[in-house]
Amino acid sequence: MDVQFSQEKLNKVNEIISRYPEGKQKSALLPVLHLAQTEFGGWLDVPVMDYVAGLLSIEPIEVYEVASFYSMYNLKPVGKYMFEVCQTGPCMLNGSDDIIDYIKQKLNIKVGETTADGLFTLKTVECLGACGYAPMMQMGKTYREHLTKEKVDAIIDECRTKAN
Amino acid sequence: MSIKLLLDKAHVPGIRGFEVYRREGGYRSVEKALKMQPADIVEEVKKSGLRGRGGAGFPTGMKWSFIAKPEGVPRHLVCNADESEPGTFKDRYLMEFIPHLLIEGMIVSSFALGSNTSYIYIRGEYDWVSDILEEAIAEARKNGFLGKNIQGSGFDCEMYVHRGAGAYICGEETALIESLEGKRGNPRIKPPFPAIQGVWARPTVVNNVETLAAVVPILNMGGEEYAKIGVGKSTGTKLISACGNINKPGIYEIDMTISVEEFIFSDEYCGGIPNGKRLKACIPGGSSVPILPANLLLTTAKGEKRLMNYESLSDGGFATGTMMGSGGFIVLDEDQCVVKHTYTLARFYRHESCGQCSPCREGTGWMEKILKSIEEGKGKMSDIDLLWDIQRRIEGNTICPLGDAAAWPVAAAIRHFRDEFEWHVNNPELSQKENYGLRHYADELHVPVTA
């Protein structure tokens with residue numbers, strides 16, 4: 001894979017770097033990794049992390065240690081749609097276990113797996129700050145809240161339609 | 001009706017945009033502040049009695065007064081929007097619906113502290129909220145409230161949103177600073193405190209979203225007037241995010257004079273427990289604070305009605321009380337299992353431990369495993385004492401408060417619900433089919449029953 005941001009994205013990277021004091025361009029690492037993950041297939045392969053290290057003039061290990069610390073960076077390929085279902089206390093009280101079981105059964109995968117067609121990945125996550133709207137999951141940029149089995153069905157259909 | 005200082009305008013159509021916000025009286029506090037001396041603003045905040053709304057409740061004015069002012073070294077204000085404490089979702093609401101209130105509070109605070117570049121560190125998952133804030137910042141800049149020479153005052157201030165990437169620990173201020181520097185979120189040893197050496201070794205103040213938003217009404221009404229709202233050292237209003245088994249989960253702005261009972265059962269707030277069930281327990285201040293059984297929640301050990309404020313919630317210490325914390329109010333009805341709930345919290349803390357200190361890194365994993373085996377009916381009686389022992393060895397033995405935060409929920413669950421843990425051990429099969437319910441209570445429960 002050719003790892004190279006478009007000129008537009010490179011401008012964005014430089015704008016992000018300019019938010020921090022001179023010589024402190026490492027501060028741009030988290031936002032630039034977000035950008036790289038979106039740009040290069042939804043996960044951070046080693047060449048991508050090395051490329052980011054070069055952009056910020058830091059050592060590759062400085063990128064690896066950060067990428068492996070934060071839960072939002074994927075170090076393995078993921079499906080086109082990632083269901084990240086919250087399972088912490090307040091969501092559990094409102095039936096998140098049932099929702100997780102239902103998605104497992106419906107997509108015929110275990111937690112952490114991706115469907116054979118590469119469309120869906122199921123993950124369980126810890127508190128996403130939507131406790132009053134439980135059960136819920138994150139899907140890409142948005143939250144899907146007050147989940148029911150019917151809502152899960154509709155979301156899966158919606159993804160399949162979009163993918164076609 | 002209670003007084004609303006933060007969310008009174010949150011439902012005005014279009015309030016998310018600058019124009020409507022300004023028309024509704026927004027940015028008046030900036031105009032007022034820029035005519036004052038920075039030290040006088042700090043004084044107003046001190047007079048207001050405002051306490052940090054992120055969880056620790058430290059007096060904000062005092063925190064501000066600690067900031068070092070070495071010659072030629074820039075200072076920074078950083079807003080902590082890394083809201084991740086289970087049960088807490090108030091800051092998200094504020095930023096999502098009335099983002100300019102935060103921006104306004106941050107401009108005033110930046111001026112008071114002498115910060116020419118301020119940052120909002122927001123949790124990575126609040127991706128769309130980050131977009132809302134960036135739009136609000138751009139609008140404020142366009143209208144002369146950010147950038148160079150704000151409103152002709154000579155004060156320059158830039159503001160940026162910095163998105164995290166999924167780590168509860170970054171809500172701890174020194175971990176947040178590390179993360180802002182592009183590193184793993186490992187908390188720093190204090191001292192030096194951030195007020196002396198924070199981000200890029202510069203003097204830094206880190207404040208919660210709600211705290212900075214509260215600076216707006218404090219400036220507008222004056223610190224003394226603000227301090228008249230509430231009771232004792234619980235001044236002003238507090239946002240409570242209510243969740244769990246209640247009829248009306250959501251965000252409530254309260255003045256801190258109402259009782260816990262009123263908060264749970266009145267229609268103005270949570271509206272009682274669904275399906276006519278009874279109240280079993282509650283964690284009133286985010287997952288880290290001690291869980292209380294219904295009787296101690298509603299009435300203190302002295303027999304007084306417990307109120308929704310800092311002093312009353314902590315009345316009785318950890319033996320019979322709890323804490324206001326972040327205002328993440330989690331209600332458990334009679335059909336919930338305290339063992340299982342505690343297990344999910346232990347799993348959360350194991351997942352979120354940064355791994356720096358062994359008591360927390362190892363201890364949180366042990367607690368999770370033991371709680372899981374008790375919950376699954378595979379526990380031994382000695383496991384309960386072992387759990388107690390582990391949490392005691394974590395508490396106070398770590399660099400940051402995550403260790404304490406992981407220990408307290410386990411300690412409180414055993415302290416108040418030991419019989420439920422024992423029942424799981426003694427009834428391994430039955431405990432897989434049904435919950436312990438309210439058998440915990442030897443005496444009749446004086447708890448209002450919902451209709």
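**From one loop outwards**

Modeller: B:A201 sits in the loop between helix 8 and strand 4 of chain B. Helices (DSSP H or I, at least four residues) and strands (E, at least two) are runs numbered from the N terminus. This is a predicted model, in which local features need pLDDT of at least 70, side-chain atom pairs need 80 or more, and totals for chains, interfaces and linings use all residues. Residues count from 1 along each chain as written, chains are lettered from A and ligands numbered from 1 in written order, and side-chain values use heavy atoms, without hydrogens or water.

A cis peptide bond links B:P191 to B:P192, with omega about 0°.

Chain A has loop features too. A:A134 and A:P135 are joined by a cis peptide bond, with omega about -10°. A:P135 lies between strand 2 (120–125) and strand 3 (137–139) of chain A. A:S57 is in the loop between helix 3 (46–55) and helix 4 of chain A. Its phi is about 50°, positive in a residue that is not a glycine. A:S57 has a relative accessible area of 59%, so it is exposed. The cut-offs are: buried under 20%, exposed over 50%, partly exposed in between, with a 1.4 Å probe and protein chains only.

Back in chain B, B:E44 belongs to helix 3 (residues 38–48). B:E44 is buried because its relative accessibility is 18%. Leaving out residues up to four places away in sequence, B:E44 touches B:M36, B:I218, B:G222, B:G223 and B:E224. Contact here means heavy atoms within 4.5 Å.

Next, the sheet. Two strands pair if DSSP finds at least two bridges between them. Chain B has an open sheet of 5 strands in the order 8-7-11-9-10, with mixed pairing. Strand 8 (250–255) and strand 10 (292–293) are its edges, each pairing on one side only. B:C282 faces B:L292 in strand 10.

Now, how do the chains meet? Buried area is the accessible area (1.4 Å probe) that two parts lose on being put together, summed over both. 39 residues of chain A are in contact with 58 residues of chain B. The two chains bury about 3,900 Å², 57% of it on carbon and sulfur atoms. On the side of chain A, A:F69, A:L93 and A:K141 lose the most area to chain B, together 17% of what that side buries.

A salt bridge needs a Lys or Arg side-chain nitrogen within 4 Å of an Asp or Glu carboxyl oxygen. The rule finds 6 across this interface. One of them pairs A:K141 with B:D131, with the closest N and O atoms 2.9 Å apart. Helix 2 (29–39), helix 4 (60–67) and helix 5 (89–93) of chain A each supply at least two residues of the side touching chain B. That side of chain A divides into 19 nonpolar, 12 polar and 8 charged residues. Nonpolar covers Ala, Val, Leu, Ile, Met, Phe, Trp, Tyr, Cys and Pro; charged covers Asp, Glu, Lys and Arg; the others, Gly among them, are polar.
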